[in-house]
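Q: I have this structure open and would like to go through how its parts pack together. Could you take me through it?

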Amino acid sequence: MALKIDLEKCIGCGNCVSACPFGALELNADGKADANEACRMCGSCTDACPMEAIALEKEAAAGTDELASYKGLWVYAEQRDGVLHEVVFELLGKGRELADAMGCPLSAVLFGHGVGGLADALFAHGADQVYWVDDPALEKYSSEPYAEAMCKLIERYRPAAILAGATTAGRSFIPRVAVREHTGLTADCTGLAINSDGLLEQTRPAFGGNIMAAILCPDHRPQMATVRPKVFAPAPAEEGRKGVLVREELSLSPPLVQVVNTVRALENELNVAQADIVVSGGRGLGKPENFSLLRELADALGGAAIGASRAAVDAEWISAFHQVGQTGKTVRPKLYVACGISGQIQHLVGMNSAETIVAINKDPDAPIFDIADIGIVGDLFEVVPALVRALKQG
């Protein structure tokens, strides 16, 4: 959508200025209405204008020939301090499958200063080529220079689709890229495929996780999606695999924000997103003190991470750092033990990729049993202590 102001019709009455809830309109030096970057296309000004001088117009879709000029699939290779994020290898694994279906090369986009050596790992995990932007402005993550660099690469090479992890960085700068490129973005995807028309079909939970929405971007390019970590299996490394490293020289603006220091919080807490074993609790625990029971089981299992359902977090029994599900973290452990969790879809989409799922619930009809590999119908306050004793006895 675009806001159009007909200056010949505008009489400078100021009604639109008063009506805008975002302070996005003002009268310029000529006494005419003018919009700034705060505009959210809400339409309040169009209703308020007595002269019908303001209109919201849908931007024209790109033509067939222009869409066809966009080729290739890109994966944003997120790195911090010279270490690639685990989601990069997951995206390369899925990206390889999608690129083969599209009949195009798979490329990785690497930002950072002096990190070109990471290209070897990207080639080994499936990338055909790596676009590396080596610039001091990209040494520390900041959304503005990262967005600027990605947009300049898009305008230079015109990729058909871009995938990025739904990480703190991905959720921060990728939406800026989509806005600047006037294209669509599907956030927090849990599924990706190429449909019969060759379009990227992006699947994500919607309406609180009650349905799964399949989203297409048929009229604009590139097609863009951020993907939750742990949704896809990481691509296996093929040692010795080679690709083409393209070092890009871009003229980037200096970052407006300077990163002075980075502090890692919760160092004593195991992150469920990286854990091989997760023990999670839900509403069935009854009260926050009972999470101590799960910690005993986690210790008996050799130091598992503690997870929780949204119900337990909403009740303030445990912090959101532990939440598993659509509005929490997506996990892919070797073992997931669900204690007192009924299995609403919001939770299931965050853990159903675990290799082995053990469910403990006294309700035999709980949905969690539909996906569990091992289901134990019983009182968790009896079952969990029995498991702890058995594990300690060896």
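Q: How many bridges join strand 13 and strand 14, and is the pairing parallel or antiparallel?
A: This is a predicted model, and in it strand 13, which covers residues 200-206, pairs with strand 14 in the antiparallel sense over five bridges.

Q: What is the bridge partner of R204 in strand 14?
A: R204 has A213 as its bridge partner there.

Q: And which sheet has the order 12-13-14?
A: That order belongs to an open sheet of three strands with antiparallel pairing, in which strand 12 (191-194) and strand 14 (211-215) are the edge strands, each pairing on one side only. From one strand to the next, the twist averages 25°.

Q: Which strands does helix 4 lie across?
A: Helix 4 lies across strand 12 and strand 13, and runs at about 20° to strand 12.

Q: Changing topic, which residues touch the most other members of the largest nonpolar core?
A: That core has 32 residues, and those touching the most other members are L73, L92, L110, L122, V130, L163 and L192. Elements that each supply at least two of its residues include helix 4 (86-102), helix 5 (119-124), strand 8 (106-111) and strand 9 (129-133), while the largest share, seven residues, comes from helix 4.

Q: What does L110 touch, leaving out residues up to four places away in sequence?
A: On that count L110 touches A77, Q79, L84, V115, G116, L118, V130, Y131, W132 and V133.

Key. Residues are numbered from 1 along each chain as its sequence is written. This is a predicted model: local features need pLDDT of at least 70, side-chain atom pairs count only at pLDDT 80 or more; totals for chains, interfaces and linings use all residues. Side-chain values use heavy atoms; hydrogens and water are left out. A nonpolar core is a set of buried Ala, Val, Leu, Ile, Met, Phe, Trp, Tyr and Cys residues joined through side-chain atoms within 4.5 Å. Buried means under 20% relative accessible area, exposed over 50%, partly exposed in between (1.4 Å probe, protein chains only). Helices (H or I, at least four residues) and strands (E, at least two) are DSSP runs, numbered from the N terminus. Contact means heavy atoms within 4.5 Å. Two strands pair if DSSP finds at least two bridges between them. Axes are lines fitted to C-alpha atoms, for helices over the stretch in contact, and angles run from 0 to 180 degrees between N-to-C directions.
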